[in-house]
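Student: I am new to this structure. Please take me through a single part of it closely.

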Amino acid sequence: MLKKISTPKNLLLLGIILFTLVLPLVIGSNQYVLVLTTTVILFGVMATSWNLIGGLGGQLDLAAGAYLGLGAFTTGTLLTRWNITPWVGMPLSGLVAAGVAALIGAPLFRFRVRGVWYALSSSALVQVLYTAFMMWSSVGGPMDQYLPRYDASFYYLRYNTYAPYYYILLMLLYIALYLNYYIRGTRLGFQLMALGESEEAAEVLGVNARNSKLKALMIYAYLVGVTGGVYTCLFGYYHPRFFDSNMSTEVAILGIVGGLGIPYGPLLAAAVLVRGRELLRANLGTVVERSSMAVYAVILVVIALFRPSGLAVLAGDIYRAIRLRFAKDTYVKSADSAGD
Amino acid sequence: MLDNLIQNFINGVMLGAIYTLIALGLSIIFGVMNIVNFAHGDFVMVAMYATFWISTGLGWDPVATPLITIPLLFLIGVLAYYLLIHRTLRRNYVTQIAVTVGLMVFLRSITQVLFQARPRTITQSIIQGTLNLGPYTFTMTRLASAIVAVVFIVAIYLFLAKSWAGWAIRAASDDLDSASLLGINPTKTYALSFGLGSALTAVGGALLITFQQVDPTMGMRFGLLSWAILALAGLGSIPGLLISGTIVGVVESLTAAYWDPRARSLTVYLLFILILWIKPKGLFGRK
């Protein structure tokens, strides 16, 4: 029993979990590194949740910013208007985001909007919400709405360190990752994967495309909505610019270059690319102003063109190559045939 | 009241002609090659900056700038095709979106490096002033732009209908394999289409900048606008595209006049989502 649990894979997993848990204690004094890591986790949560609809279900959703913004506005408005704690606000944010996703998604899936048109309509949704919230003056309109300021308040979820937000987002990340692994083994997961391969074929085989896609979309929207709640507490304000098209596209891109449908792919992409983007911004930004995004774009394009299966597959290849080199033949053979 | 309505309607129609021209470029790229180009709006933005740069840097009148910007944008389009798009042809549209989004970020970043993030506008053109016809006022820049746009739309229509290259493009659009059996070089035809689609943004951009300013983030707006017009029209019909472009222009103009200037793209995007729900093939779709 113990031998079965303590496989290299599980030990590695345990190591990673422990590492992520103690990380803020190690780098706690360096807030820059901590905020960088938090940003990576933030994108990791969104991209990993996106993987359910985008990777498994094959629907290229570009509306992460819409659900993030809805979450931020729900938590933020509840807190600033009615003094309701984010701990209540965050789950409600998820519900609001999932509700809006259902309202938008049901007719889209009902009328078989898919492929590029689904991507475009979700992209338009972000812009619609941005404009609508800019004009909706009773929730702030174009004014920044600030949350109450506290150095350390559990009720208001306001801290002068990033560590608490890091832990909340980390928890969301593990939930998103767990869901990615869990759903793959369920009926819904198989239906989504079939839809991702070919919608026509899946429907002929009796998959209810509308329901499966809607479920995946709502789970994704829920997680991103909750993330939006954390997001507004992390930054201490909310504004319609949280309905961000660029961020929405970036989430999808992370999912794509990470490896569509591979549970840990988007997180890997977030870890490498978001981190890399910030490094570029810090180093290159001082040499040629604003040039970092151009370099970032080139990297994205090169990965998309030459590694279409994604970073996760690349990492898997490297991992196997290293093991082949160092491990005993018999061990590699058995592990490979069992594990992959 | 009625005069006011008609005036806004006229403004919308003039705007719609330019939008149609921009969407026509996308229509050639998407309709012919089935390539999903998310960077189309950013080509418009680049075209506007190129116009700005030539007219202020070289002191040219904006009217003359297309002499340089059309070949420039055509070249950028052909280059983008050979470097990027060509490699994605046989792939899933997801790869195309990823690659063209990368191109979009790249173009946006480069223009920010070159021109900074602040909005730019050009100096006065020789075309200026207004034309009064009865109770209605035509701003000369807009009127001239609309006329130029329509001329280009007709020219493209004739090019596709009458010239050999136009036939090749349409043949490739209908059935690529048969077309290549008949001696049409698919790679060259595709590169030509992509270059042509991009070159049209040069005209559109030059026309737009005569009456509105440019900033590096505006590509998003024109990209979605073009896709909205395309969705409304359906693929394969240039007259249909012109009608859809006019509808979008009028909707924008009327929204700005009677509801709220900020809401102009809101109604267009809502129209876009609505048309996908109720008529996914568009109003005039051939395929």
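How many residues of chain A are in contact with how many residues of chain B?

Tutor: This is a predicted model, where local features need pLDDT of at least 70, side-chain atom pairs count only at pLDDT 80 or more, and totals for chains, interfaces and linings use all residues. Residues are numbered from 1 along each chain as its sequence is written, while chains are lettered from A and ligands numbered from 1 in the order in which they are written.

On chain A, 39 residues are in contact with 35 residues of chain B. Contact here is a C-beta rule: the two C-beta atoms, placed from the backbone, lie within 7 Å. Four helices of chain A each give two or more residues to this side: helix 5 (86-110), helix 6 (115-135), helix 11 (245-258) and helix 13 (292-306). Helices are DSSP runs of H or I with at least four residues, strands are runs of E with at least two, and both are numbered from the N terminus. Helix 6 of chain A gives the most, with 14 residues. By class, this side of chain A has 28 nonpolar, eight polar and three charged residues. Nonpolar covers Ala, Val, Leu, Ile, Met, Phe, Trp, Tyr, Cys and Pro; charged covers Asp, Glu, Lys and Arg; the others, Gly among them, are polar.

Now the partner. Chain B has 11 helices and two strands. Along the sequence, chain B reads α-α-α-α-β-β-α-α-α-α-α-α-α. The C-alpha atoms of chain B fill a box of roughly 60 × 45 × 35 Å along the principal axes. Of the contacts in chain B with a separation of 6 or more, 77% join residues 24 or more positions apart.
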